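Me: I am new to this structure and would like to learn how to read its features. Could we take them one at a time?

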Amino acid sequence: MEFNTISMIGLGYIGLPTAAVFASRRKKVIGVDIDQRAVDTINQGKIHIIEPELDMVVHAGVKEGYLRATTQPEPADAFMVAVPTPFHTDENGQNHKADLSYIQSACKAIAKVLVPGNLVVLESTSPVGTTEEMAAWLAEARPDLTFPQTHGEASDIRIAHCPERVLPGHVVRELVENDRVIGGMTPKCAEVACELYKIVVEGECLPTTARTAEMAKLVENSFRDVNIAFANELSIIAHELDINVWDLISLANRHPRVNILSPGAGVGGHCIAVDPWFIVAACPDQARLIRTAREVNDHKPDWVLDRVGQALEELHRTQPGATRRDLTVACLGVAFKPDIDDLRESPALGITQKVVELGCMVQVVEPNIDSLPKGLQSENVSLVSLDEALAQADVICVLVKHKSFIQMAESVKEKAVVIDAVGLLG
Ligand code: SAJ
């Protein structure tokens, strides 16, 4: 099948890089987003998100006339949907089911411009069955067209799921190099979707069913979550037993078939802490290990915070005259993982906010930001350099293993009280 025009619905962290990479292959790409500001920014050849190398690819795509953004869908040969699938929020607050309303709105929008021969691919991370649901929404909106769920290989519209699997910070490279799992509602749907992805993907395009592709994405992130939970649980056990967990893991990893991941301040980001819940929500009685891993990782920030509280209590015992405000805790790192400036869903940020509530002075050391985020703007908080923190803090709490901290590890080690959640000190 020929793909002359490709439309990307949703121009966020996945949609925009994907649209730009297709444009770099000299395909006409129409990006669609409900956010007028994002659309205007992109049409000026600029970007509204932070991702290395992306600005260059978007700028080139717009300048050469291959990439254009708009708020209203237009006819195309293929539609790719990359919209958010956050947790659902009902009257009792957030639950761990997925909110599919963004996909539903995307379907409503593209249904109007669908014509026979079109391919629609869902890229958003979704619970098993969502691609079938998407097909049902499209069919409801366009009773004049036929869809795979009723007409199989003979349908007018082809439908597939191809989950994104790129690492934030390396998106542009991984979009091209990674293998892709491509699940069709029928084998023909998968075949046509593989043809689309082969325009940009240098890795392998692996055809399967839509349900397997949906589950593959959830399983990839659950695999990581379960393994990080193992490391986090070990760190708590080792602390109880007075064993250095970093030594322990590096020794155990000398076994040829053991590869324990790194304990940390918790699991952040937008994917690994979210996706496993979609499996738990679907099979609550069966997904016991996956649920427990989530709980272990979610508990880790509280454990780190308890250690800060204990360190402060200890200081009060040795300095009976000191008030809380006389004590300073430095939090090293608030990003959700090393060497990025992304603070969203960051356990380090959550811990730091709770340290502020302990009433002490708080110094935030985060070399990747120039000002404190809203949640940390309080009179007892300041953004300082590592040198300042090392000179002034009573307690140093290492929350993210940024490269610049590793270079200063020896100086951090000299501090009397260090709570090292990430193994900076080895
Ligand atoms: N972390 C640890 N210990 C480790 C590794 C990570 O505590 O040994 C923590 C990090 O500090 C961070 C969190 O886990 O807080 C997640 O970081 P990450 O770098 O492992 O993953 P993300 O969220 O940036 O990206 C993941 C990737 N998934 C996998 O590696 C299976 C990426 O490929 C996915 O595309 C992305 O989620 C997504 O969109 O689902």
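**Reading the features**

Reply: Start with a side chain that meets the backbone: the side chain of Glu-51 comes to 3.0 Å from the backbone nitrogen of Val-171. This is a polar contact (a pair of N or O atoms within 3.5 Å; within protein, one able to donate a hydrogen and the other to accept it, with residues adjacent in sequence counted only if both atoms are side-chain atoms). The model is predicted, so local features need pLDDT of at least 70 and side-chain atom pairs pLDDT 80 or more, while totals for chains, interfaces and linings use all residues. Residues are numbered from 1 along each chain as its sequence is written, and side-chain values use heavy atoms, leaving out hydrogens and water.

Me: Which other backbone nitrogen lies 2.9 Å from a polar atom of the side chain of Glu-51?

Reply: That of Gly-169. Beyond four places in sequence, Glu-51 is in contact (heavy atoms within 4.5 Å) with Pro-168, Gly-169, His-170, Val-171 and Val-172. Glu-51 itself sits in the loop between α2 (36-43) and α3 (54-63). Helices (H or I, at least four residues) and strands (E, at least two) are DSSP runs, numbered from the N terminus.

Me: How many residues of helix α1 are buried?

Reply: In α1 (residues 15-24), 9 of the 10 residues are buried, so the helix is largely enclosed by the rest of the structure. Among them are Leu-16, Val-21 and Phe-22. Helix α11 (residues 275-282) is mostly covered, with 6 of its 8 residues buried. These are Asp-275, Pro-276, Trp-277, Phe-278, Ile-279 and Val-280. The buried residues of α11 pack against β5 (87-90), β6 (93-98), α9 and α12 (288-318).

Me: How should I read phi?

Reply: Most residues other than glycine have a negative phi. Asp-339, not a glycine, has a positive phi of about 60°, and Glu-345 has a positive phi of about 50°. Asp-339 is in the loop between β11 (328-332) and α13 (347-357), and Glu-345 also lies between β11 and α13. After α1 comes Arg-26, again with a positive phi, near 60°.

Me: Is Glu-345 buried or exposed?

Reply: Glu-345 counts as exposed because its relative accessibility is 55%, and Asp-339 counts as partly exposed because its value is 36%. Gly-333 is in the loop between β11 and α13, yet it counts as buried, because its relative accessibility is 0%. Leaving aside neighbours within four places in sequence, Gly-333 has contacts that include Ala-348, Val-365, Leu-399 and Phe-405. Gly-333 and Ile-369 are 36 residues apart in sequence, and their C-alpha atoms are 10.0 Å apart.

Me: Which residues make the nonpolar surface patch?

Reply: Ile-237, Leu-241, Ile-243 and Leu-248 make it, over about 340 Å². Ile-237 belongs to helix α9 (residues 210-240) and is partly exposed at 40%. Patch members have over 30% relative accessible area and no salt bridge; like charges are joined within 9 Å, nonpolar side chains (Val, Leu, Ile, Met, Phe, Trp, Tyr) within 5 Å. Areas come from the Shrake-Rupley method with a 1.4 Å probe, and for residues only the protein chains shown count as cover.

Conventions. A salt bridge is a side-chain nitrogen of Lys or Arg within 4 Å of a carboxyl oxygen of Asp or Glu. Buried means under 20% relative accessible area, exposed over 50%, partly exposed in between (1.4 Å probe, protein chains only).
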